[in-house]
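The following report describes selected local features of one protein model. Please consult the sequence and the structure shown here while reading.

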Amino acid sequence: MNKLWVLLTIVGPIFAAITACAQTSENVDVRAGIQHDAFERLLKKYVNDRGLVNYGAWKKDAADLFALDEYLKQFAAKIDTPAQGNEKAASLVNAYNAFMLRWILANYPTESVWSLKDSFTAKRNEIGGRKVSLDDIEHRALQPLISYRAHSVLVCAARSCPPLQQFAYTSNKFEEQDDRAYRAWLAREDLNKFLPNEKKVQISSVFKWFKQDFEKAGGLPKILGRYAPQSVREFAASGNYAIKYFPYNWGLNDQGSHGRNYSRTQLFFNIFK
């Protein structure tokens, strides 16, 4: 997550053009055959139905920290046979989310991912025998591979992120799981709100930051109409409404108290410290 993307949440669209050339990440491949059962067990244990994580309990459980580390070791080996298509997408989504969880756990308690140094840009995550950043995984691997579909499944440890799901993504179910993540995200009225009587929608800033990806997929009304709750799906697909964007809450997605009161002022100082 480039700092300039986050700056959009604070000072507005004047920086939008700059972000297009701000990425310095590189492509990422992943080996075939990675097993995700252990990660799913951990998600079911520590993530609730709102996508919030019990970081406090997880950090105290040495066996489950070890289990997460052992899962992540699968990504580290040099690649003999690279994963392709949905297998690559599923593995890289899980890698992004698992590396992010491990980073937060290593630094917990914290109020925000932005309270930590270079969370998105540091090449600290080992995949395929080399170190890569979370931005590498997102912008140079998953966006080119699955475009707008990446935006419902990558969870950046913030309260305004699409909710972290209680399952690991798999190659044979990836498209179905991605759809499920989109529906869960758009059903959350604190993250996306549809108001037919007022002819307006208020949606996540993600839809603004990555507008080009949604336009390539047929436009925002098409995507909203596909995944919005059934009761407002026809309205969402019509495009006959004004669009506003929720301010992005970068407070930690913690089941406990951390991140609940994280402010935009704190965000500003964290970005430029």
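## Loop residues and a helix pair

D61 is partly exposed, with a relative accessible area of 22%; buried means under 20% relative accessible area, exposed over 50%, and partly exposed in between, with a 1.4 Å probe and protein chains only. The model is predicted, so local features need pLDDT of at least 70 and side-chain atom pairs count only at pLDDT 80 or more, while totals for chains, interfaces and linings use all residues. Residues are numbered from 1 along each chain as its sequence is written, and side-chain values use heavy atoms, with hydrogens and water left out.

D61 sits in the loop between α4 (55-60) and α5 (62-73); helices (H or I, at least four residues) and strands (E, at least two) are DSSP runs numbered from the N terminus. The side chain of D61 reaches the backbone nitrogen of D64 at 3.0 Å, a polar contact being a pair of N or O atoms within 3.5 Å, where within protein one must be able to donate a hydrogen and the other to accept it, and residues adjacent in sequence count only if both atoms are side-chain atoms. Neighbours within four places in sequence aside, D61 is in contact (heavy atoms within 4.5 Å) with K45 and Y46.

In the loop between α5 and α6 lies Q74, which counts as buried at 19% relative accessibility. A polar atom of its side chain is 2.8 Å from the backbone oxygen of Q35. With neighbours within four places in sequence left aside, Q74 contacts R31, I34 and Q35.

Most residues other than glycine have a negative phi, and most peptide bonds are trans.

D118 is placed in the loop between α6 and β1, and A157 in the loop between α7 and α8 (174-186). The peptide bond from Y108 to P109 is cis, with omega near 5°; P109 belongs to the loop between α6 and β1 (125-127).

Helix α6 (residues 85-107) packs against helix α7 (residues 134-146) at an angle of about 155°, with the axes 10 Å apart. This makes α6 roughly antiparallel to α7, a term for angles over 145 degrees. Residues in contact include L92, V93 and F99 in α6 and I137, A141 and L145 in α7.

Methods:
Axes fitted to C-alpha atoms, helices over the stretch in contact; angles between N-to-C directions. Parallel < 35°, antiparallel > 145°, perpendicular 65-115°, else oblique.
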